[in-house]
Amino acid sequence: MERLRTRIITTFSIKGENNRDSNLEALRILSMFMIVCHHIIVHGLGVFNAIDGSMATTAILTSIESFFIYGVNIFILISGYYGIKLSIRKFIYLCLLVSLYMVLNTVLTFFSTGHIEFRQIINIFLPVSAAPGWFIFNYFILMLVSPVINKFVDFASKSEYSRQILIFIFMLCYLGFVRRHFNGGYDIWNFILLYLVARYIHVYNLFVNTSPKKSIGVYVLCSILIGGIALYMNYLNHPSLSYRILWYNSPLVLTGSLGLFILFRNMKFRNSLVNWIASSVFSVYLVQEGAGLIWSGEYMYNRIGEMFLSHSLITFAAFIIVYIICLFVTAIVLDKLFKIIISYIIEPVTHILKAVIDKTYRITSSIVGIDLP
């Protein structure tokens with residue numbers, strides 16, 4: 001019990017969370033707030049097809065959305081800036097975290113509906129291949145390929161690095177955005193581009209003298225252009241083009257994401273509370289959408305739509321504020337509790353997985369006749 005008490009105190013303690021750059025941790029919180037707002041607007045209210053059928057509502061929602069579309073890109077930029085240092089333990093930790101949320105979802109489903117699907121139980125043990133949500137799946141893949149990307153970053157010359165970024169920009173912005181050969185940036189390729197760009201900024205210490213006014217100007221200008229183009233395309237009855245300007249591989253979305261990222265990167269401050277909150281924001285996505293919790297996700301979006309239609313704007317705004325606060329508080333508390341649970345099981349799970357990997361290496365080596373490292 002004393003050991004458990006110590007872990008609870010350590011996990012929930014804000015002290016000791018002052019060893020990271022709070023400027024980018026604050027941006028991490030902001031990026032998740034943007035993702036939450038984006039989901040509310042798109043899934044709850046209907047950004048280009050407003051739930052109340054009003055053109056005025058559509059215009060307002062589109063304008064707001066154009067300032068909040070950057071959340072996912074910024075989250076990946078932060079990961080790329082620091083670099084993902086993959087280890088079996090870190091990978092297993094994320095797998096266990098996702099699985100615990102899937103367990104919670106399964107339990108809630110059973111108590112709310114009286115039944116659960118067998119597939120839900122199986123998926124608990126497949127947190128990667130059955131990852132809840134496109135973002136989580138692609139983040140898993142980014143983690144797995146990060147050692148290869150990091151090796152390239154470490155050994156490539158600046159010119160080689162620059163050329164590779166240009167190739168990815170061509171792939172994502174022309175082949176992906178213009179020619180529509182990729183999934184609108186909802187894929188690993190966009191994550192790799194963002195990761196490479198952020199690492200490039202970090203390695204070569206770029207934009208350190210960029211003024212806040214310029215950074216804010218880039219962000220605001222891109223947002224205005226995104227909103228203006230989206231509304232104009234919608235006015236011309238081209239909703240597919242309105243959606244496309246909001247794709248994550250849209251040049252304007254990529255540029256606006258960089259503007260906001262540079263703004264926060266050039267700030268310098270440390271704050272334990274900011275770092276403590278930021279360490280748990282990944283769980284906000286898992287609670288709101290990623291784990292498909294029955295009391296969030298689609299269920300909550302339907303309630304949001306009903307509130308918008310049946311209450312005044314002030315009441316609705318108050319409801320959204322309370323919802324977001326409760327979402328963050330719930331996610332942070334769950335994340336801290338799950339960290340305690342994981343701390344008890346991660347060692348044996350890691351040991352078993354390492355043994356399986358070593359055994360697989362030995363078998364593969366004997367079959368192909370090559371000594372693997």
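Okay, let's start with F191, which is buried, at a relative accessible area of 0%. Buried here means under 20% relative accessible area, exposed means over 50%, and partly exposed is in between, using a 1.4 Å probe and protein chains only. Before I go on, this is a predicted model, where local features need pLDDT of at least 70, side-chain atom pairs count only at pLDDT 80 or more, and totals for chains, interfaces and linings use all residues. Residues are numbered from 1 along each chain as its sequence is written, and side-chain values use heavy atoms, with hydrogens and water left out.

So, aromatics. Searching the whole structure turns up 29 aromatic pairs. Rings of Phe, Tyr and Trp (its six-membered ring) pair if their centres lie within 6.5 Å; planes under 30 degrees apart are stacked, over 60 edge-to-face, and the rest tilted. Take W134 and F135: they make an edge-to-face pair, 6.1 Å centre to centre with 85° between the planes. Which of these two is buried? F135 is, at 1% relative accessibility, while W134 is partly exposed at 27%.

W134 also pairs with our opening residue, F191: the ring centres are 5.9 Å apart and the planes are at 50°, so this pair is tilted. W134 belongs to helix α7 (residues 134-155) and F191 to helix α9 (residues 188-203), so the pair ties together parts 57 residues apart in sequence. Helices, by the way, are DSSP runs (H or I, at least four residues), numbered from the N terminus.

Zoom out, and W134, F135 and F191 are in one aromatic cluster, with members including F75, Y139 and Y248.

Last stop, back to accessibility. Is F125 buried or exposed? F125 counts as exposed, at 64% relative accessibility, and you'll find F125 in the loop between α6 and α7.

Conventions. Helix = DSSP H or I, 4+ residues; strand = E, 2+ residues; numbered from the N terminus.
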